[in-house]
Amino acid sequence: MSTITPIVMPKWGLSMKEGTVIEWLVEEGCIITTGMPIIDMETDKLANAVEAPDPGILRRKVASAGDLLPVKALLGVMADQDVSDAEIDAYIAAYVTPVATDEEDSSAQAFQYIEVDGIRVRYVQKGGSTGTPVLLIHGYGGDLDNWLFNIDALSEKAPVIALDLPGHGQSAVKLPAGVNLVAQAGFVVHFLDAINVTRAHMVGHSMGAAIASQIALDAPQYVASLTLIGSAGLGAEINSAYIDGFANAQSRRELKPVLEILFSDPALVSRQLVDDVLRYKRLDGVGSLLVELGQALFCDGKQNEQPGLKLGSSCPALVIWGRDDRVIPVNHASNAPKGATVEILEGVGHMVQLERASEVNRLIIQHISA
Amino acid sequence: MARKISMKQAVNEALDQAMAADPTVICMGEDIVGGAGGNGEMDAWGGVLGVTKGLYAKHPKQMMDTPLSESAYIGAAIGAAACGMRPVAELMFIDFMGVCFDQIFNQAAKFKYMFGGKAETPVVIRCMVGAGFRAAAQHSQMLTPLFAHIPGLKVVCPSNAYDTKGLLIQSIRDNDPVIFCEHKNLYAHECEVPEASYTIPFGEANIVREGKHCTIVTYGLMVHRSLDAAAVLAKEGVEVEIVDLRTLSPLDMDTVLESVTKTGRLVCVDEASPRCNIATDISAQVCMHAFGALKAQIEMVTPPHTPVPFSPVLEDMYIPSAAQIATAVRKTIKGSK
Amino acid sequence: MQVQNPFPLSRDELLTVYRQMRTIREFEERLHIDFGRGDIPGFVHLYAGEEATAAGIMHHLNDGDRIASTHRGHGHCIAKGVDVVGMMKEIYGKKGGSCNGKGGSMHIADLSRGMMGANGILGAGGPLICGAALAAKYRNKGEVGICFFGDGASNQGTILESMNLAGVWNLPVIFVVENNGYAESTSRDYGTAVDSYVDRAAGFGLPGVTVDGTDFFAVHEAAGAVIKRAREGGGPSLLECKMVRYFGHFEGDAQTYRAPGELDDIRANHNCLKILGDQLTAAGIISQSELTKIDEEVMVLIEHSVKEAKAAPFPTLADLTTDVYINY
């Protein structure tokens, strides 16, 4: 049995077809642990580090900086010391990059649309049909692409559903009546009804986490567990420079520094990420909708509603925070509901699930499997 | 999303949505419907290249064919704009500006200033630009510099379908007169375009490719030629940054200067004739404001100072090529201090 | 005893018309003097002698009706209701002028009054007024557009194209030829191949009529008919007003191209203001003393406007770069 483990180009999100190697972060001979960042990679959507999916010793870098390679292309090879170079050469020579199937290739088919309360919603479903699904709820101004590095990984363990909230992403530019968390939570419940889901593991980020908390208060029967990432609703403060800056930025130049607030490493804000957010923000009505929503929920640096503080201990909860979160302070994690598991990740900003994807995926899987 | 449409469809969709949203938006031009007054079908052409096809059926009162009389109908569009309408006049080819230029540069461009700020002239003049259609000297020009030269006018020249839709809707909603230049060789070019209405602000250049060795500043079809050149150069280890100006007036010099400051090298690519064009303007401004950042002489890639020739062989030699652009970039690398 | 009013205007309206024409005359005579003194920058083209045409047509119009004027536009402005003090300030290049000093004599406009601008480009108003009329047609409130142009500009392609376009789109436009016999220094007959503008209109399928432009009532009646037709959807027409120009093409023009005695004859026998005054007093409905009182009031107004203009500040450096775009 070969003990050779390939490192391949990951597929980050539904539309990724290829990526460019920026640089290796480790040297040949280095001992690699699971989750260790090993290569800086860039796609047309995002720049990020490829994290090692498996442990091992890096024996060979196959891809070099600047290479533009398809998903699943061989980037490097890990093997124990007793594997000879000749065996590694043979492995590399024999490696064939699997061709993406039509189904995998067509991102258009992956997205679905459904009308809920008169609002057209985009969502994606992945993974099997058995087991309690995971529902991913993004934050203010975000969309389901915020779960780019989570959907595929989580779907190997449970069915995954991610939606664009009303007025976000490619859902209709419209908010549910009554611009508050109760209305948003009610909407998400109606969405679950519409796709015949009676119970889900709620995973929310930022405002999405506050919505998840609100669902746990208003409709607990829908909630199998809660995962709150960089959560709103667990305290009063929120960075108004981010909320106002995001709502009001008109140009790339204005938006880029605002998006950099989201990350611990500002280099993660790629040109394409800024462009994608701008494309969304330019749609008719989005600007005023974001202002309206921001004013209603996060006026003048204060969170008007804090449903997380009302949560009891009945629902299993996982709270994940980035130590360097500059949008919602990490000390709100101490307001986590009684009995919750709290994980603070070092060197990470507000976009924890993007910046430290494999760790977040591991924590969620552990949590929902408990 | 993932819906891809062509630049031609993007123009059509922008006009469709703008007319549906605002009854004061009217389109006029020669044969933009086609068949008016005849005994055959209406909407026979939908514009000389079919760009406005189908709009008449949806907006019969907002789609007007005109006589072949550019002075009169371009002027009428401007007059109507000064009286509360938002006309979109199609001039077919920018080369026809010659017969109605007074209405554009002496009337539309100056009302606001000349009348002490009290006039608004929200007119859009759409026209095809550019060579490569074997259409010879009077149907192939890139006259963008003529209009960018004139205070009071805004000049737009998109390079793809996404920008086309957003910039055209912005042009229609904008309260100043806009010359909207559509490159006829890009009409078939497709990319992802949202179905909903959206706008792209003027004066914001797009960085279509990031790179650290040399900046190419360009617009329109030349964006694609520059991308082709960049692909070739990348194999040589030269990473080019390409700035697509999108609007030539207003001009996003901030983005250009930022990029040149980063790369230290500049190649301006312009399909317009070489004298007093966008490339010379950008070059002069970079020299003025970022001279210290330059590591090498600025290069310009333009056609020769001739009319556009007819013979396909000659015309292909006339239009700046990816190879010429790549050569210019290499010169800046080689000539570096 | 009550005197029968033989005119189609009320006594008050007649007084207003007389005051308007007198205001134009006084405004232009005063400019002639002040320009000669070197008080006024640039160049001015005076409307004196042609007042009956502006007044006769504009009496039928409201603010919603648009006019496109010419380089010789002061009379059109005053008759359309543009503020005289603002005009004078503008001609002096002052802040607070109709165009804040940025337009000058040749570009006075007041869109709130339907005055779409004097125009330094001969014949440019034709296409513009077609657009105004097209907008009026969309609004469907019976508004009309009037395009003024001289016998010189009548030969511009824009005017001819506009007559065709107005016909094709059946626009509510009146093309008014102000025929004062001279295109700058060149006689009308030299520069225009056809004798009658009515014939030219016929070439575009437009009805046309020629009137004595020095006779307010003749102009008023003819204009009333074509404007009514346009308001009712009857389409465009042409109105030729034969008139006289008191001063040169521009101020400083010695007018040596005129025949000896020609100007004296014009002033003595074709003074439209005197003709109107005589008509009014002869009918016995307005006395000479009433007219004289108006004359004196107008003198005061013009004197006041000149004083205001001279006292007004010039625009500043900050004004140089504003108002190019609405946003840029």
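Author: Chain B is divided into domain 1 (4–192) and domain 2 (206–334), with bounds that come from an automatic or database domain assignment. The model is a predicted one, in which local features need pLDDT of at least 70, side-chain atom pairs count only at pLDDT 80 or more, and totals for chains, interfaces and linings use all residues. Residues are numbered from 1 along each chain as its sequence is written, chains are lettered from A and ligands numbered from 1 in the order in which they are written, and side-chain values use heavy atoms, with hydrogens and water left out.

The C-alpha centres of domain 1 of chain B and domain 2 of chain B lie 27 Å apart. Where the two meet, 25 residues of domain 1 of chain B are in contact with 26 residues of domain 2 of chain B; contact means heavy atoms within 4.5 Å. The size of an interface is often given as the accessible area lost when the parts come together. Here the two domains of chain B bury about 2,000 Å² between them, and carbon and sulfur atoms carry 61% of it. Buried area is the accessible area (1.4 Å probe) that two parts lose on being put together, summed over both.

On the side of domain 1 of chain B that touches domain 2 of chain B, α6 (144–148), β6 (154–156) and α7 (161–173) of chain B each supply at least two residues. Helices (H or I, at least four residues) and strands (E, at least two) are DSSP runs, numbered from the N terminus.

Arg246(B) is found in the loop between β11 (240–244) and β12 (247–249) of chain B. Its relative accessibility is 3%, so Arg246(B) counts as buried; buried means under 20% relative accessible area, exposed over 50%, and partly exposed in between (1.4 Å probe, protein chains only). Arg246(B) forms a salt bridge with Asp163(B), the closest N and O atoms being 3.2 Å apart. The side chain of Arg246(B) also reaches the backbone oxygen of Glu204(B) at 3.0 Å. Among the residues that Arg246(B) touches, not counting those up to four places away in sequence, are Val156(B), Leu167(B), Tyr219(B) and, from another chain, Arg282(A).

A second salt bridge of chain B joins Arg134(B) to Glu315(B), with the closest N and O atoms 2.8 Å apart. This pair links distant parts of the chain: Arg134(B) is in the loop between β5 (124–129) and α6 of chain B, and Glu315(B) is in helix α11 (residues 312–318) of chain B, 181 residues apart. Arg134(B) is partly exposed, with a relative accessible area of 33%, whereas Glu315(B), at 0% relative accessibility, counts as buried.

Chain B also meets chain C. That contact takes 45 residues from chain B and 40 residues from chain C, and the area buried between the two chains is about 3,400 Å², with carbon and sulfur atoms giving 64%. Tyr138(C), Tyr325(C) and Ile326(C) supply 19% of the area that chain C buries against chain B, more than any other three residues. The count of salt bridges between chain C and chain B is zero, while 19 residue pairs are in polar contact (both at pLDDT 80 or more). On the side of chain C that touches chain B, α5 (125–139), α6 (157–169) and α13 (317–320) of chain C each supply at least two residues; α5(C) gives the most, with nine residues.

For context, chain A is likewise assigned domain 1 (5–102) and domain 2 (106–369). The C-alpha centres of those domains of chain A lie 30 Å apart.

Terms used: A salt bridge is a side-chain nitrogen of Lys or Arg within 4 Å of a carboxyl oxygen of Asp or Glu. A polar contact is a pair of N or O atoms within 3.5 Å; within protein, one must be able to donate a hydrogen and the other to accept it, and residues adjacent in sequence count only if both atoms are side-chain atoms.
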